[in-house]
Amino acid sequence: MSDSKPISQDTHRDALLEEAVQVLNRYTHFSSTHRVTFARAGDRLTAHLERADGTPIPQSDTPLDRKLAHLKDQTVVIRPFFLPMANSPWEEEAANAVPALDFDYAAVLGYGLDGEGKAFLKAVYFLPTDALIEGQAPGEDGLWHFPLATYYVHHLSLDPRKNFARFLYLAERMTEALEYQYDKMGYFYSNPPAQG
């Protein structure tokens, strides 16, 4: 590694988020009933769901779409987590601590470092919030701390066209998880009912 000054933590995270959007959007073309497109929204990622036939989800009469219509703008909020898969100059613990469950999906971004000390994606683990919190509880500090290295069953291929992708039809996998979330809670984590 060179002796140059390490990249700032914000720059490093920004680069990983941009790379994650590119990776996730490689799944957009694999759609059946629904299609999903990913974007960056500040320090989060989003996934916009739409029907592949062009019918707006709120106008569809399928049971699933009637539930997805309650998702604000049919947009899934995705919280990123940063998982060093090599010695890292950045401390990720504070960024990975969660004060509130206000997201529908999690993207665990496993990264390595190149010869110049820049981070690059080595793995993406993409899982619904329900899978993330299963068996977990907030710590004494009131924050959620997740065992990020244990979610390997939710591993995505970085390039589904070149490597085996178990979850190729990602939009369908997501809508199934979102339906479960809605059936269990009566709302989505990213769009809870108003208090009071």
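Predicted model: local features only at pLDDT ≥ 70, side-chain atom pairs only at ≥ 80, totals over all residues.
A charge sits over a ring if NZ of Lys or CZ of Arg is within 6 Å of the ring centre and within 35 degrees of the ring normal.

Q: What makes R13 a residue that lies over the face of F82?
A: The distance from R13 to the ring centre of F82 is 5.3 Å, and the rule asks for a value within 6 Å, together with a position within 35 degrees of the ring normal. R13 is listed as lying over the face of F82.

Q: Over which ring does the charged end of R79 sit?
A: The charged end of R79 sits over the ring of F81, 4.7 Å from its centre. F81 also belongs to an aromatic cluster, together with F103, W144 and F146.

Q: Are Y182 and F188 buried or exposed?
A: A residue is buried when its relative accessible area is under 20%. Y182 has 18% and is therefore buried. F188 has 1% and is therefore buried as well.

Q: How do you know that the span of helix α1 agrees with its number of residues?
A: Helix α1 covers residues 9-25, which is 17 residues, and at 1.5 Å a residue it should span 24 Å. The C-alpha atoms at its ends are 24 Å apart, so the two values agree.

Q: Which residues of α1 are buried?
A: They are H12, R13, L16, L17, A20, V21, V23 and L24. R13 in this list is the residue that lies over the face of F82. In an α-helix there are 3.6 residues a turn, so residues three or four places apart point the same way.

Q: Why does D65 count as buried?
A: Its relative accessibility is 0%, and the limit for buried is under 20%, so D65 counts as buried. D65 is located in helix α2, residues 63-68. Apart from its neighbours within four places in sequence, D65 is in contact with H34, R51, I57 and S60.

Q: How many bridges join β2 to β1, and how many join β2 to β3?
A: Strand β1 (residues 34-41) is joined to β2 by eight bridges, and the two run antiparallel. Strand β3 (residues 75-84) is joined to β2 by four bridges, also in an antiparallel arrangement. At least two bridges are needed for two strands to pair. On the β3 side, L45 stands opposite I78, and A47 has V76 as its bridge partner.

Q: What lies between the strands of the hairpin formed by β1 and β2?
A: Two residues lie between β1 and β2, and G42 in the turn has a positive phi of about 65°.

Q: What makes β1 and β6 the edge strands of the sheet?
A: The open sheet has six strands in the order β1-β2-β3-β4-β5-β6, with mixed pairing. β1 and β6 (155-156) each pair on one side only.

Q: Why is E172 called buried, and what does E172 touch?
A: With a relative accessible area of 18%, under the 20% limit, E172 is therefore buried. E172 has its place in helix α5, residues 170-185. Not counting residues up to four places away in sequence, E172 touches S32, T33 and H34. The side chain of E172 reaches the backbone nitrogen of H34 at 2.9 Å, and a polar contact requires N or O atoms within 3.5 Å.

How values were computed. Residues numbered from 1 in each chain as written. Heavy atoms only, no water. Buried < 20%, exposed > 50% of the residue type's maximum accessible area, 1.4 Å probe, protein only. Phe/Tyr/Trp six-rings, centres within 6.5 Å; stacked < 30°, edge-to-face > 60°. Expected span 1.5 Å × (residues − 1). Contact = heavy atoms within 4.5 Å. Polar contact = N/O pair within 3.5 Å; in protein donor to acceptor, adjacent residues only side chain to side chain.
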